[in-house]
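Visitor: Hi, I'm new to this one. Could you show it to me and then walk me through it?
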Amino acid sequence: MSVANKILRTANAPSTAPDKTETEVAQALIDLENNVPELKAELRPLQISAAREVDVRGGKKAIVLKAFRKVQQRLTRELEKKFSDCHVVFVAQRRMLRKPTRTSRVKQKRPRSRTLTNVHERILEDLVFPTEIVGKRTRVAVDGSKLLKVFLDSKDANVLEYKLDSFSSVYRRLTGKDVVFEFPVVAQE
């Protein structure tokens, strides 16, 4: 299988030729498919629509992949071994539709899943996939800027602690919103 077969451009993916990051990730997927027999069946149909590098505080990088969740946890571990200086994050390819106006000639009602708010919430869930979001708070500063605080399930604290900065940077890059990921503090009695 070639690198070109692993990269599938959908309707809302970029129509440009694959860049260096995308070809490296596609080659890594092919290598994993050939070298890890228990992943071969799941990785054969897997295709990515885009891969992007995002700078994270502390000089690290994160690779954002547009793919599916079926083997995400195992695939994340394997790809982080291959790209040792990067965190790997999976996000689904989603489409937003603009809000209909009086002058737009839209015959159908816009589905709830295509709204900006819903797409941003789904991106947030995709970023932290193995764990669950247990709470969200929006903090509005005096100057009017908003900060979203996301509380993750504390049972995954030791697994995801090192990726929290990556999650914040990737979410800011994809949506333009500031977010802080935290684990809720449990009161000892």
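Visitor: In what order do the elements of the protein run from the N terminus on?
Guide: They run α-α-α-β-β-α-β-α-β-β-α-α-β, where helices (H or I, at least four residues) and strands (E, at least two) are DSSP runs numbered from the N terminus. The model is predicted, so local features need pLDDT of at least 70 and side-chain atom pairs count only at pLDDT 80 or more, while totals for chains, interfaces and linings use all residues. Residues are numbered from 1 along each chain as its sequence is written, and side-chain values use heavy atoms, with hydrogens and water left out.

Visitor: Which residues touch the most other members in the largest nonpolar core?
Guide: Among its 22 residues, these are L124, L127, V150, L152, F167, V179 and F181. Such a core is a set of buried Ala, Val, Leu, Ile, Met, Phe, Trp, Tyr and Cys residues joined through side-chain atoms within 4.5 Å, and buried means under 20% relative accessible area, exposed over 50%, partly exposed in between (1.4 Å probe, protein chains only).

Visitor: Which elements supply at least two residues of this core each?
Guide: Those are α5 (116-127), β5 (146-152), α6 (157-160), α7 (164-175) and β6 (179-182). Apart from this core lies another, of 20 residues, among them L32, L46, I63 and F90.

Visitor: And what does V179 touch?
Guide: Leaving aside residues up to four places away in sequence, V179 touches L124, L147, L148, V150, S168 and Y171, a contact being heavy atoms within 4.5 Å.

Visitor: New topic: how much of the protein is buried?
Guide: Buried residues are 39% of the 189 residues.
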